[in-house]
Amino acid sequence: MQAMRTELAKSPMNPSVVKMKSSAKEAGLLKTFQDVLKQRPETVSHLLQDNMPKSVNTFRYDQFFEKKIDEKKKDHTYRVFKTVNRRSHTFPMADDYSDSLVSKKEVSVWCSNDYLGMSRHPRVVGAVMETLKQHGAGAGGTRNISGTSKFHVDLEHELADLHGKDAALLFLPAL
């Protein structure tokens, strides 16, 4: 596109002096088109600008979003995820790698869904190990693509029964 723009700029033809006859219907369409053009944003991002004619004023998306992100950082609402590995042998302790992926610091994690530490109970670990040996690790995809595990269906039935409901539905990450 840039090469075409450069080639056109070197062209001896000057589009501003070319006159064309137009009918009243075409003039009306041109007026409508000009009215629509007035509704566009004033500027666009430099990524889009490379593909736009130089005469078009564009909206600067990059500057807009960079400003919004800076505002979120200043008011402390910009979300940053911690990098934490829990320790199964010393509940609720974990290694925090948020400052550096090389060095770690010891932290306690009380806000996980495993607040009772049941994920390290010998019966739970044994059941997981046996299931891994039989079925492997990972879902292989979302349930609407690769199907629903019988283990998840059984758990949904158990949860529905536990809560006295007709049914339950699990929303799981596809890991």
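Which backbone nitrogen does the side chain of Asp114 reach? The side chain of Asp114 reaches the backbone nitrogen of Met118, at 2.9 Å.

## Basis of the model

This is a predicted model, in which local features need pLDDT of at least 70 and side-chain atom pairs count only at pLDDT 80 or more, while totals for chains, interfaces and linings use all residues. Residues are numbered from 1 along each chain as its sequence is written, and side-chain values use heavy atoms, with hydrogens and water left out.

## Overall layout

The protein has seven helices and three strands. Along the sequence the pattern is α-α-α-α-β-β-β-α-α-α. Helices (H or I, at least four residues) and strands (E, at least two) are DSSP runs, numbered from the N terminus.

Of the 175 residues in the protein, 10% are buried. Buried means under 20% relative accessible area, exposed means over 50%, and partly exposed lies in between (1.4 Å probe, protein chains only). The protein exposes about 15500 Å², and carbon and sulfur atoms supply 59% of that area. Accessible areas come from the Shrake-Rupley method with a 1.4 Å probe; for residues, only the protein chains shown count as cover. Among contacts with a separation of 6 or more, 22% are between residues 24 or more positions apart. A contact means heavy atoms within 4.5 Å.

Asp114 lies in the loop between β3 (105–108) and α5 (122–135). Asp114 counts as buried because its relative accessibility is 11%. Leaving aside neighbours within four places in sequence, Asp114 is in contact with Arg86, Phe91 and Ser119.

Asp114 also belongs to the lining of the second largest pocket, together with Arg86, Ser112, Asn113, Tyr115, Leu116, Met118, Ser119, Val124 and Val128. The volume of this pocket is about 370 Å³. Its lining residues divide into five nonpolar, three polar and two charged. Here Ala, Val, Leu, Ile, Met, Phe, Trp, Tyr, Cys and Pro count as nonpolar, Asp, Glu, Lys and Arg as charged, and the others, Gly among them, as polar. A pocket is an open set of points on a 1 Å grid over the protein atoms alone, where a 1.4 Å probe fits, with protein on both sides within 12 Å along at least five of seven lines; lining residues have an atom within 4 Å of a point. Grid points are joined across faces, edges and corners, and a volume is the space filled by probe spheres set on the points.

Asp95 is found in strand β2 (residues 93–96). With a relative accessible area of 10%, Asp95 is buried. The side chains of Asp95 and Arg87 are joined by a polar contact of 2.5 Å. A polar contact is a pair of N or O atoms within 3.5 Å; within protein, one must be able to donate a hydrogen and the other to accept it, and residues adjacent in sequence count only if both atoms are side-chain atoms. Not counting residues up to four places away in sequence, Asp95 touches Thr83, Val84, Asn85, Arg87, Lys104 and Lys105.

Pro92 is in the loop between β1 (84–86) and β2, and a cis peptide bond with omega of about 0° joins Phe91 and Pro92. Val107, in strand β3, is 15 residues from Pro92 in sequence and 8.5 Å from Pro92 in space, C-alpha to C-alpha. Beyond neighbours within four places in sequence, Val107 is in contact with Pro92, Met93, Ala94 and Asp96. Ser88 lies in the loop between β1 and β2 and counts as exposed, at 52% relative accessibility.

His76 lies in the loop between α4 (61–74) and β1. Phi of His76 is near 60°, a positive value in a residue other than glycine. Most residues other than glycine have a negative phi, and most peptide bonds are trans. His76 counts as exposed, at 73% relative accessibility.

His157 is in helix α7 (residues 150–162). His157 counts as exposed because its relative accessibility is 55%. His157 and Ala167 are ten residues apart in sequence, and their C-alpha atoms are 6.5 Å apart in space.
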